[in-house]
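Welcome, and thanks for taking a look at this one with me. Here are a few notes to read alongside the model.

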Amino acid sequence: MKIGLLGFGVVGTGVYDIIVSGTTPELSDIEVKRIISLVVPEGFEHLVTKDINDIVNDDEIELVVEAMGGLHPAYEFVMACIEKGKHVVSSNKHLVSNYFVELHEAAVKNGVQLRFTPSTGGGIPWLSSLKRARRSDEIEELWGIVNGTTNFILDSMLKENTDFDVALREAQRLGYAEADPSADIDGLDTQRKCIISANLAFDAIVKEESVPVFGIRNITHDDVEYFTNNGMVCKLFANAGRNEDGSIYAYVAPVLLDKSSLEAGVDSNYNSITYVGKFVGRSTYMGQGAGKFPTGNSVVQDILDTMFDDATLKREYNSVEVNNSLNLHKYYVRTMGKLEAFLDIVEKEEGNSRYITKPVSIACIKALSEELYKDCPQSFFAQIK
Ligand code: HSE
């Protein structure tokens with residue numbers, strides 16, 4: 001199959017290198033015919049173009065890999081390719097989470113396959129497994145670590161006593177972080193992956209604005225020390241599931257886990273994601289959530305699945321009511337903010353501006369956090385599991 005590569009950065013070059021590596025006979029059935037790239041690396045002059053029409057109008061190219069990142073022009077390029085009957089594999093979580101239903105409907109209308117396994121969990125076959133699960137099962141809930149950068153930071157702060165900023169710079173140097181790392185540390189990257197997973201799991205169209213997010217930007221050494229002294233480990237989690245009334249919950253927050261729990265042991269930049277199926281029960285996937293070859297390999301798997309015609313699910317995705325008021329948890333809050341409504345939900349004061357709340361919903365704590373941040377922008381919030 002002849003393919004076009006849209007983007008030749010970390011993921012695009014990983015895809016190319018794997019395809020030409022000759023590691024398996026299957027790989028030799030894939031040929032990269034054209035590459036869209038703003039820079040032209042030496043030796044690639046015959047493949048690289050800056051004009052998307054060179055790919056859109058090339059009838060020999062049956063599939064495009066979108067690894068450009070960002071919303072525009074990635075969306076326009078992908079849509080133009082779908083409308084020309086080309087299959088699409090995308091590693092771009094921003095694009096897939098924002099335009100999930102538009103892309104799905106366009107793919108169905110034009111009879112092409114749309115795959116995006118690498119967009120969530122990098123090298124882990126998380127979305128492809130979730131999709132397989134959905135062929136026969138109902139998903140009740142899902143949760144886990146889907147951002148390598150924040151896991152790397154939290155792990156370094158815990159084990160190496162590293163400062164937040166130093167750990168972030170190291171994650172950037174290793175190529176884990178987004179171009180703008182606030183997407184990682186403020187939880188937006190996790191939010192996008194939470195939305196994609198929830199959409200697939202619940203046949204849903206979950207909108208960004210209905211998914212509350214807490215990040216880890218404000219976590220301090222003292223917080224980490226307090227967690228360790230209390231037998232807990234902090235991880236940033238994507239959470240989604242079905243409420244008893246049929247509505248969906250979906251949110252992103254740091255969670256405080258017992259140090260003996262499975263996810264507490266997930267180190268470095270690894271991801272670990274779990275779903276619970278009605279029939280299959282709990283199923284956990286762990287591995288490299290980012291990086292050139294892990295993510296590149298996931299793209300290549302999606303290309304091979306398309307060639308072997310493992311078809312897209314026949315699904316209608318529907319707008320859903322997202323209700324984040326029904327699940328109650330205790331929260332760890334460190335804040336100098338003063339707010340009567342907050343003190344009403346405090347169960348215990350732990351000294352040094354630390355509080356443990358009574359069980360409350362993420363919607364409640366999100367609303368209070370917005371007020372507390374006004375008084376104290378350094379406030380930190382984490383759910384206690
Ligand atoms: N910045 C992302 C992460 C890259 O750290 O997980 C992979 O999506």
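1. A term to begin with: two strands pair if DSSP finds at least two bridges between them. Helices (H or I, at least four residues) and strands (E, at least two) are DSSP runs, numbered from the N terminus. Tyrosine 275 has serine 283 in E12 as its bridge partner.

2. Please keep in mind that this is a predicted model, where local features need pLDDT of at least 70, side-chain atom pairs count only at pLDDT 80 or more, and totals for chains, interfaces and linings use all residues. Residues are numbered from 1 along each chain as its sequence is written, and side-chain values use heavy atoms, leaving out hydrogens and water.

3. Have a look at strand E11 (residues 270–277), where 7 of the 8 residues are buried (under 20% relative accessible area, 1.4 Å probe, protein chains only). E11 runs antiparallel to strand E12 (residues 281–288), joined by 8 bridges, and the two form a hairpin with 3 residues between them.

4. Which strand pairs with E11 over 6 bridges? That is E7 (residues 139–145), again in the antiparallel sense. Isoleucine 145 has serine 272 of E11 as its bridge partner.

5. Now for the domains, whose bounds come from an automatic or database domain assignment. Domain 1 covers 2–123 + 292–317, and domain 2 covers 128–289 + 320–384. Their C-alpha centres lie 30 Å apart.

6. Finally, the interface: 23 residues of domain 1 are in contact with 22 residues of domain 2 (heavy atoms within 4.5 Å).

Definitions and conventions. Buried means under 20% relative accessible area, exposed over 50%, partly exposed in between (1.4 Å probe, protein chains only).
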